Amino acid sequence: MRERLLTSANRRRWTLAAVSLGLFMIMLDNTVVNVALPSIQRDLGARLSELEWIVSGYALTFAAFLLTGGKLADLLGRRRIFVIGLAVFGGASLACALAPGAGFLIGARVVQGVGAALMNPATLSIITATFPARQRGTAIGIWVGVSATALAIGPLVGGLLTEHAGWSSIFYVNVPIAAVAIAASFLLIDESRDTSREQRLDLPGLVSSGLGLFALTYALIETNDHGWTSGRIVGAFAVAAVSLAAFIALELRQRLPMLDLSLFRSGTFAGANTVLLLVTLAMFGIFFFVSLYMQNILGYSAVQAGAAFLPLTLLVVLVAPIAGRLSDRLGSRALMTIGMTLVTVQLLYFSRLGVHESFWALVPGMLLGGVGMPLVMTPASAAALSGVPVDKAGVGSAVLNTSRQVGGSIGIALMGAIMAHEIGGSRAPESFVHGLSVALIVAAAIAAAGALVALTTIRSHADHERVGKPRLGRARRLKRLVEEGESPATPAVVAGVVLAALIPIMVTVFAAASIAAHLAS
């Protein structure tokens, strides 16, 4: 049966489908948890800082172990590590569902992050090893689209499950998905690994990077309960600085480092990772704190809050594959710059929301983010991996995902620290909204910096393929692009193509927004 399924004609499609199933589970878990936070807070008596740890603890271990997960995938086999990650994630999900208190839930979420860290880099490295360069952007677009689909249905499904079956059901749902994904992996995915040279784990790098990220996140989150100048917080920042500096020093001297710093000699790889870190640093707080805003300030139920995210998440689903194809043809720089600009405008718009807002006041910001995020995420992934050798795809994709997860965990902690400082212990809705506004303005400044980084560092995929060849004049480069069937990636061309593609999508999304408005009313 396996031979019939995996013919030469459809082998790549089946491989993409199998890894996407595991990715779907990870991303579904992200969004269902955010919608369920107010219910978890009420049932377990969790403080705001504990809610932040429930989300950041997962993102933190996800980020800390991603590089090790990528190295293990290259060393022991990408399918094997993918399956182990699925098993760990499924088991930890069951523990989350059975959690009797906030501390236990945080611990189970930390273990979930380890499973996700083993699984996630393997999915992208399997895709990179399976698809040729000319198809990789499209495959990554589908990969991002699958994760976006989970994001799209996650808030609504999470709201429905939380409201009608309790918050624990959002974790129970992962168990059967993990079982099916494990079976599909053995049936549909061929094993691959890096056989180019000696491989070993970098334990000093793992310890120093993990300690540094934990100390930084701890310092930001615990400012909710301790002052910025307290010995505990200052000490945590000091530990973070020393540990992260030690990590870089160790990686520069290791014969087989966990993080191959030579990858960052590529300006595009370094720039794409920086942009991904900044966009998640700016955006992760949207899902966390806007969920709290809708339920605790606007009085939405879990289902209504999930429905309110539909315009954003549906747009991400629809735009991500288009962004992948445009990246293949037009390059990534203009797309990423436009996307980061839209994210900046979205954050500034949300910063003006008040205590009494209708659903339609949320829609413009949701639409801006729904277009901006995939215009950044998909092209950035394609740009970064275009300069990574296939035999280092595991570590390259792990670095990429580490940038995303580090940005997310620090972003939630940073926004929480800013809000805690601005709220100052007040329980008034106006204080919460003011704190959220200040945090979103800071996030907008971070996103604007990301747009500048994208504009100045990203090169086209074609440039990477022509390294070492004589540089052509502008007229001859344009002629070569036309002869090769590509389009010149000027911002005007990209903006025109994106606008033409978005017109039918926007019509669909406005219809979805109308449905969401009915559910939120």
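In helix α14, the buried residues (under 20% relative accessible area, with a 1.4 Å probe and protein chains only) are Ala334, Leu335, Met336, Thr337, Gly339, Met340, Val343, Thr344, Gln346, Leu347 and Phe350. Helices here are DSSP runs of H or I of at least four residues, and strands are E runs of at least two, numbered from the N terminus. Helix α14 spans residues 333-350. Its 18 residues reach 26 Å from first C-alpha to last, close to the 26 Å expected at 1.5 Å a residue. That expected span is 1.5 Å times one less than the number of residues.

The model is predicted; local features need pLDDT of at least 70, side-chain atom pairs count only at pLDDT 80 or more, and totals for chains, interfaces and linings use all residues. Residues are numbered from 1 along each chain as its sequence is written, and side-chain values use heavy atoms, without hydrogens and water.

The protein has 20 helices and zero strands. Of its 521 residues, 59% count as buried.

Ile446 lies in helix α17, residues 429-457. Ile446 counts as buried because its relative accessibility is 16%. Beyond four places in sequence, Ile446 is in contact (heavy atoms within 4.5 Å) with Leu278, Leu281, Ala282 and Leu414. The C-alpha atoms of Ile446 and Leu281 are 7.7 Å apart, across 165 residues of chain.

Technical notes
Buried means under 20% relative accessible area, exposed over 50%, partly exposed in between (1.4 Å probe, protein chains only).
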